[in-house]
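Open the model in your viewer and keep the sequence panel beside it. The stops below say what to select and what is there.

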Amino acid sequence: YSLSIPKLGVTDADVTTVDNDLAKHLVNYGGMAIPPNKGTAAVFGHSTLPWLFDNNNYKTIFATIHTLNPGDEIIVKVNNINYTYKVFSLIVVDPSDTSAILEQGFDDSYLTLVTCSPPGTTWKRLLVKSRLVKNL
């Protein structure tokens with residue numbers, strides 16, 4: 001599937017479920033939900049110093065996700081159908097705190113973007129948590 005973050009200029013970034021090569025695509029962590037299914041999809045991507053951001057380079061694609069805010073949209077395209085997720089929180093955790101990254105919520109469809117924080121370091125992990133918007 002693919003992922004777009006309009007606020008950041010990221011469009012149709014490939015997300016894989018079959019390997020963990022972050023230089024070639026974003027990675028949906030194995031064993032986690034796949035959008036738009038119920039559960040939490042954890043999508044990992046590289047960050048670097050924000051001024052090196054290139055929306056077509058998977059080594060820098062998440063360099064500016066720290067600028068997202070609650071209410072910002074993430075669009076996931078699965079089988080040519082777009083699903084809109086809205087950011088509801090950003091949290092920073094220690095790299096060893098895998099429970100926060102792998103936390104599952106099966107009451108709805110959730111998407112967590114995961115990268116290093118601060119950008120350009122491997123000190124902590126930034127989690128951008130979002131929830132599927134329901135069409136009324």
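**Stop 1: S109 and P36**

Select S109 and P36: a polar atom of the S109 side chain lies 3.3 Å from the backbone oxygen of P36. The model is a predicted one. S109 lies in strand β7, and P36 is found in the loop between β3 (26-28) and β4 (39-44).

Is S109 buried or exposed? S109 counts as buried because its relative accessibility is 1%, and the cut-off for buried is under 20%. Now show the contacts of S109, leaving out residues up to four places away in sequence: S109 touches P36, N37, K38 and G39, and also Y85, S130, R131 and L132.

**Stop 2: two cis peptide bonds**

The peptide bond from P35 to P36 is cis, with omega near 0°.

Next select S117 and P118. A cis peptide bond joins S117 and P118 too, with omega about -10°. P118 lies in the loop between β7 (109-117) and β8 (124-132).

**Stop 3: the barrel**

Switch to a cartoon view and follow the strands. Eight strands form a closed barrel in the order β1-β2-β3-β4-β7-β8-β6-β5, with mixed pairing. On average, neighbouring strands of this sheet are turned by 35° against each other, direction ignored. Strands of a sheet pair through backbone hydrogen bonds, either parallel or antiparallel.

Some pairs to select along the barrel:

- β3 and β4 run antiparallel and are joined by two bridges; N28 has V43 in β4 as its bridge partner.
- β1 (residues 2-5) and β5 run antiparallel and are joined by three bridges; the bridge partner of S2 in β5 is K77.
- β5 and β6 pair in the antiparallel sense over six bridges; V76 has Y83 in β6 as its bridge partner.

**Stop 4: the β5-β6 hairpin**

The hairpin of β5 and β6 has two residues between the strands. Select N79, which lies in the loop between β5 (73-78) and β6 (81-93), and then N80, found in the loop between β5 and β6.

N79 is exposed, with a relative accessible area of 72%, and N80 counts as exposed at 71% relative accessibility. The cut-off for exposed is over 50%.

**Stop 5: D72**

Finish at D72, whose place is in the loop between β4 and β5. D72 has a relative accessible area of 16%, so D72 is buried under the 20% cut-off.

Which side chain makes a polar contact with that of D72? Select K7: a polar contact of 3.1 Å joins the side chains of D72 and K7. Leaving aside neighbours within four places in sequence, D72 is in contact with K7, T67, Y85, K86 and V87. Y85 was also on the contact list of S109 at the opening stop.

D72 and L127 are 14 Å apart in space, C-alpha to C-alpha, and 55 residues apart in sequence.

Terms used:
Residues are numbered from 1 along each chain as its sequence is written. This is a predicted model: local features need pLDDT of at least 70, side-chain atom pairs count only at pLDDT 80 or more; totals for chains, interfaces and linings use all residues. Side-chain values use heavy atoms; hydrogens and water are left out. Helices (H or I, at least four residues) and strands (E, at least two) are DSSP runs, numbered from the N terminus. Buried means under 20% relative accessible area, exposed over 50%, partly exposed in between (1.4 Å probe, protein chains only). Two strands pair if DSSP finds at least two bridges between them. Axes are lines fitted to C-alpha atoms, for helices over the stretch in contact, and angles run from 0 to 180 degrees between N-to-C directions. A polar contact is a pair of N or O atoms within 3.5 Å; within protein, one must be able to donate a hydrogen and the other to accept it, and residues adjacent in sequence count only if both atoms are side-chain atoms. Contact means heavy atoms within 4.5 Å.
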